[in-house]
Amino acid sequence: MRDILFVTTFLTAFLAGEVLGQDAREIVRRADEKRRGNTARTTMTITIIRPTWSREMEVKTWSKDTDYSLILITSPARDKGTVFLKRKKEIWNWVPSIERNIKLPPSMMMQSWMGSDFTNDDLIKESSIIDDYTHRFVGDSVILGRETHKIELIPKPEAPVVWGKVYSWISKEDYLELRTELYDEDGYLVNEVVFGDIRSLGGRMLPTKMEYIPADQQGNKTLVEYHEVEYDIPIMASFFSMQNMKRVK
Amino acid sequence: MGPLGTKLLLSFLLAVSFFHLFAQKDSLESHVDPKGYANDPGQAVTGQDEINNTSSKKSQLNGYLKNMVTLNITNDSVTLDNLIHNRLNYRWFYNENLTIYLEVRNRLFAGDLVRTVPGYDDAVDLNNDYLDLSVQGPEGRSWLLQSMIDRAFLEWYTGDWEVRIGRQRINWGMNLVWNPNDLFNAYSFFDFDYEERPGSDAIRIKRYTGFASSIEVAGNIHDDFDEVVLAGMWKINKWGYDLQFLAGKAREDITIGLGWAGNLKDAGFKGEVTWFYPYTNSDRLSPTLLSSISIDYSFENSLYLQGSVLFNSVGSDAEFLDGLSFSNTGQLTARDLSPFEYSTLLQVNYAFHPLVSGGLSTIYYPGRRNALFLNPGFTFSVKPNIDLDFIGQVYFDKLAGEYQALARLIYTRVKWSF
């Protein structure tokens, strides 16, 4: 009896380890799901930091899986009321001063968003971290006191991705993305993303601070700080509409 | 509304502004419970509850203060003018279905043009409005003050319906520079300092039928039926394109039109076509087709390119005709976007630095006159809410048989947004 129990326990542990151990994609998916939620509303500050100056911006965001998002700029006054809406592959920009909704060309996705170190694509995620890459484990390390998997992500040939390779460090126990490195197609490091200040937000333990650091520019970075996050709010795809671009506040 | 009513409204708005500027921000906000979203999926469709529950302000005031110096260089003189321009946008969220908008621009003109151009005070108040919501303030020999309410409307909305009554901007443009579909208040590319555009005294009823689709009917108010614009618009989103169809009457024309915004590969592709058929006075007006098309593309390094063409079926480059008008921009209608048959635009923009961007817009009017408009500009973000702009406008055209620069303007502008 005891032997059977031992074997069962061993097998369960082994199988569980095997399943987790083999499926890097699943770990990336869980980390992504944890950070993003099915639907979410957030309030955050984005600070563009340069050696001699900085600019701070406050935004509110609403999102539903990876297909729908709406971003409202609430500060500074100069840009207040500006809204970006993304529905699948389409993006619109509401310009309050002229009361017009402008459809943005896809080529704008790779541009810096509002002068920051991330692109429109980083912010509203046209590409999927799960479906557009193949994933594999390449090592382990400890970040912020947490055991992490280092996972390599290689974009699939047809994927709408600019990166040649991505490394992502995800904590083994609670699936927190703690560090990311983005490489270009020639294998050079372009950006590092460093996460920190893990605390409970929206009912989940999460890194509430994210630094986006371009590798080749000393002293440059973009800091994202989450102030409020609310997950799994009851919004449907129809919330992401032209009508609500004018209404959100 | 008489001048007294206008003055009262302006006084009210000023009082409200001061209250807002000096009051503690928190005391003006009544917080509501941010929780309690719609649980019924049916209710959450428009997201109305989501918005109402997460917003906390009862009213909102913003605006800007600009100072612009204009140097106008002509063949035999140089004039210098200064414009202090303040805009206040006030919104009162009366309840979850009703919002009241009031927006005013106050301008203090001073300089050579005010002093030397007769009737300058009237010229700064040219518009298409029915109600007179402008007040000429005190004026001296070389300065004058003018205030104008260019938005004053009620907006009532519930579910998918939205009704706006009062002075409002009905922006039907879809293309980036030339908008033949913009029947109520066309945008003049030359009047860059008034991006909000004048409003129309109008009623607009709109029903949203999907995320990018709607049906609306709008009409402006006027004693003279020949000044009335009354039209309907249907918007849909199909095959990755935003499409719009319009029909109605625009001043002395029966009009139909369509507009689109979509993509060709990674480039933006937008256009508008409007057909005007005069139902009166056919001697002065003739049937006209106006159409514009644009393609724009953004490179990764922030270089932005736009090419656009405007076609006007009754346009002409005959030398006896007037060239471009820089003065009556407040009264521009969709019919008068350009006097030429073809207008072509090439726009280049580049961010030299996250805080510095510059660009050049070139409009060329092919034909015997070779009219050319050059518009370079630089913007510096000095502080988060302070911008400094340097803008040039040069216009070459053939006048009295001689090709010459008919306008050379240099603008320096500081803008503080609050």
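User: Two strands pair if DSSP finds at least two bridges between them. Over how many bridges do E17(B) and strand E18 (residues 386-399) of chain B pair?
Analyst: Residues are numbered from 1 along each chain as its sequence is written, while chains are lettered from A and ligands numbered from 1 in the order in which they are written. Strands (E, at least two residues) and helices (H or I, at least four) are DSSP runs, numbered from the N terminus. E17(B) and E18(B) pair in the antiparallel sense, and the bridges number nine.

User: In E18(B), which residue is the bridge partner of Phe380(B)?
Analyst: E17(B) and E18(B) form a hairpin, with two residues between them. Within E18(B), the partner of Phe380(B) is Leu388(B).

User: Which residue in the turn between E16(B) and E17(B) has a positive phi?
Analyst: Strand E16 (residues 356-365) and strand E17 (residues 371-383) of chain B run antiparallel, joined by ten bridges. Ile363(B) stands opposite Phe373(B) in E17(B). The two strands form a hairpin with five residues between them. A positive phi of about 145° belongs to Gly367(B).

User: How many residues of chain A are in contact with chain B?
Analyst: Contact here is counted between C-beta atoms, placed from the backbone, that lie within 7 Å. Chain B contributes 38 residues. Helix H3 (48-54) and strands E11 (253-264), E12 (267-278) and E13 (288-298) of chain B each give two or more residues to that side. On chain A, the residues in contact number 39.

User: Where in chain B does pLDDT stay under 50?
Analyst: Chain B has a mean pLDDT of 85, and 83% of its residues reach 70 or more. Where pLDDT is low, the predicted coordinates should not be read in detail. In chain B, pLDDT stays under 50 over residues 21-46.

User: Is Ser171(A) buried or exposed?
Analyst: Ser171(A) is found in strand E9 (residues 165-171) of chain A. A residue is buried with 20 or more other C-beta atoms within 10 Å of its own, exposed with 12 or fewer, and partly exposed in between, the C-beta atoms being placed from the backbone. Ser171(A) has 22 such neighbours inside 10 Å, so Ser171(A) counts as buried.

User: How far apart in space are Ser171(A) and Ile143(A), C-alpha to C-alpha?
Analyst: Beyond four places in sequence, the contacts of Ser171(A) include Arg146(A), Glu147(A) and Thr148(A). Ser171(A) and Ile143(A) are 28 residues apart in sequence. C-alpha to C-alpha, their separation in space is 8.0 Å.

User: Which residue in E8(A) stands opposite Asp140(A)?
Analyst: Strand E7 (residues 133-143) and strand E8 (residues 146-155) of chain A run antiparallel, with ten bridges. They form a hairpin with two residues between them. E8(A) is also joined to E9(A), by six bridges. Opposite Asp140(A) stands His149(A).

User: How many residues are in the largest nonpolar core?
Analyst: A nonpolar core is a set of buried Ala, Val, Leu, Ile, Met, Phe, Trp, Tyr and Cys residues joined through C-beta atoms within 7 Å. Among the members of the largest core that touch the most others are Leu85(A) and Trp92(A). Leu85(A) is in contact with Leu70(A), Ile91(A), Trp92(A), Phe240(A) and Met245(A), leaving aside its neighbours within four places in sequence. The number of residues in this core is 48.

Definitions and conventions. This is a predicted model: local features need pLDDT of at least 70, side-chain atom pairs count only at pLDDT 80 or more; totals for chains, interfaces and linings use all residues. Two residues are in contact if their C-beta atoms, placed from the backbone, lie within 7 Å. pLDDT is the predictor's confidence in each residue, from 0 to 100.
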